[in-house]
Amino acid sequence: IVLGRIMGFAMIGTLQLAVMGVISYLFIIRALNHTHELTEKDLQVADATASTASTELRQGRTSKNRGHFHAVTDHGDGNVTTDDRQGHWHPITVQERDGRKVYTVGGPQGQFHARVPVYGELSFRDRAGTPKARGTDVGKVWAYRSYVEGGSLEAAVWKFNGVTADRFPNGLPIDLNIRVFRTRKGEVEQGIVGSLVLRNPRTKLASSPINFIAKEFVIDRHNFSRKLTSADGKTIDLIDDLTADGDLELQLTCWQRGSFFGMAQADVYLLAREGSVLANFVKGYVSIWFQMVLVIAFGVVWSTFLNGSVAMLATFGVLIAGFFRADMLRLSRNEVYGGATFESAVRIVNKMNLMDKLEEGWVATFVKYADDGVRGLLWLICQVIPDFKQLSCVDYLTGGFDIPWDRLASHGVTTLGFVVPLFLVGFFCFKAREVAA
């Protein structure tokens, strides 16, 4: 009976989740689909030096839609391109009608991704070029990213493994997601210039610097071809000359004084390939399915010895505690300012801030021992409930990254590791009850 309830509710939930998945996928595609208008009047003749006798370069921009527009370049040979704005671009076809050009802007391209990244080990160099563990501290409260100073020898260096010709036959695509910190007033719209250098970690042979303008809050992709130029102007091969048994170093520097580039280990990576967006979407829903099965298992166990309303409240309690398990664990380890339940209550009543110490006395002693008991209870709860946030792979989807199969498999093992003991507990609890004939 217990196993049948778990399987039955799981089957019903699976059907509902499948319907929701189809609807949400179609909704996302429809919501993001848009186009722009472009007429011949929107394009102006560009610099005469950029045009030739056979072609006339024209530039302009599309109409505004969804809060943005795109810069357009008509190369005069039937090739019309747009810039990449808000993570996408549009194909444009041009036709001749009654002696004039008619432009048709297609749907957005490049909005959906399932990137398979190759991450490297990050280290930094100070103003003297000496290696160090972290970059410069610019005073940000969130210490996730370290910064390198512009106009100095400070640099961020990534060491990648597995860079081979079989894995990257057509060159090396590198994605950047860096932040910019300015120490002086300037033109915000004017980008900060930096450079990338590829280097052999063994021979120290390096490519000539490849300059770029930093783009914040978007994935900035740079494609390096196999044939590069060394610092002394010689032609070198990216794989044969710059890698040592598959190892490759990438150095990133900032050029402009008074500016800093901020980055973390995962902000720069090599793009191994683009996975299937649909398959990645399905894997995201599989991770949600694992969460659903856990909730069902807890609900069935509670229902073996509690009535319906109490079992529902207990299930909601497990769900809420599972999503805030990390915070509860920090509270149980006394890693949170302000104390636990009783100390927080005293501070609220006395209007005390988190940093003030409680006055010595019986109140402080009682609060200390009472909170120790609360922390012990919270620690025990954290050991018997799953971390629902860790079981979710939604961040991969929203970030445009492919969900690794090994991570999904580990979530499946975790789910099975909870469901089997819960089934046994529910079985023995239900067996111990007297069931009316």
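I take a salt bridge to be a side-chain nitrogen of Lys or Arg within 4 Å of a carboxyl oxygen of Asp or Glu. I am working on a predicted model, where local features need pLDDT of at least 70, side-chain atom pairs count only at pLDDT 80 or more, and totals for chains, interfaces and linings use all residues. Residues are numbered from 1 along each chain as its sequence is written, and side-chain values use heavy atoms, with hydrogens and water left out.

**Entry: salt bridges**

I searched the whole structure and got 15 salt bridges. I looked up three of them, and a network.

My labels come from DSSP runs: helices (H or I) have at least four residues, strands (E) at least two, and numbering starts at the N terminus. Both Arg202 and Asp245 are exposed. For burial I use relative accessible area: buried is under 20%, exposed is over 50%, and partly exposed is in between, with a 1.4 Å probe and protein chains only.

Next I checked Arg127 and Glu149, whose salt bridge is 2.7 Å, N to O. Arg127 sits in the loop between strand E8 (121-125) and E9, Glu149 in strand E10 (residues 146-149), and they are 22 residues apart. Arg127 counts as exposed because its relative accessibility is 56%. Glu149, at 15%, counts as buried.

Then I turned to Asp402 and Lys283, with closest N and O atoms 3.3 Å apart. Asp402 is in the loop between helix H8 (394-399) and helix H9 (405-432) and Lys283 in helix H3 (residues 277-303), so they tie together parts 119 residues apart in sequence. Asp402 is buried at 14%. Lys283 is buried too, at 4%. I also noted one network, in which salt bridges with shared partners join Arg115, Asp175, Arg221 and Glu274.

**Entry: sheets**

I count two strands as paired if DSSP finds at least two bridges between them. I traced an open sheet of six strands, in the order E9-E8-E11-E19-E14-E15, with antiparallel pairing. Five bridges join E11 (residues 155-160) to E19 (residues 248-254). Lys159 stands opposite Glu249 in E19.

I traced an open sheet of four strands as well: E7-E21-E12-E16, again antiparallel. E7 (115-119) and E16 (220-224) each have a single partner strand, so one side of each has no neighbour in the sheet. The twist averages 40 degrees from one strand to the next. E12 (residues 172-176) and E21 (residues 268-274) pair over three bridges. Ile174 stands opposite Leu270 in E21.

**Entry: core**

I looked up the largest nonpolar core and found 32 residues, with Leu172, Ile174, Leu198, Leu252, Phe261 and Met263 having the most contacts inside it. Such a core is a set of buried Ala, Val, Leu, Ile, Met, Phe, Trp, Tyr and Cys residues joined through side-chain atoms within 4.5 Å. E19 gives the largest share, four residues.

Definitions and conventions
Axes fitted to C-alpha atoms, helices over the stretch in contact; angles between N-to-C directions.
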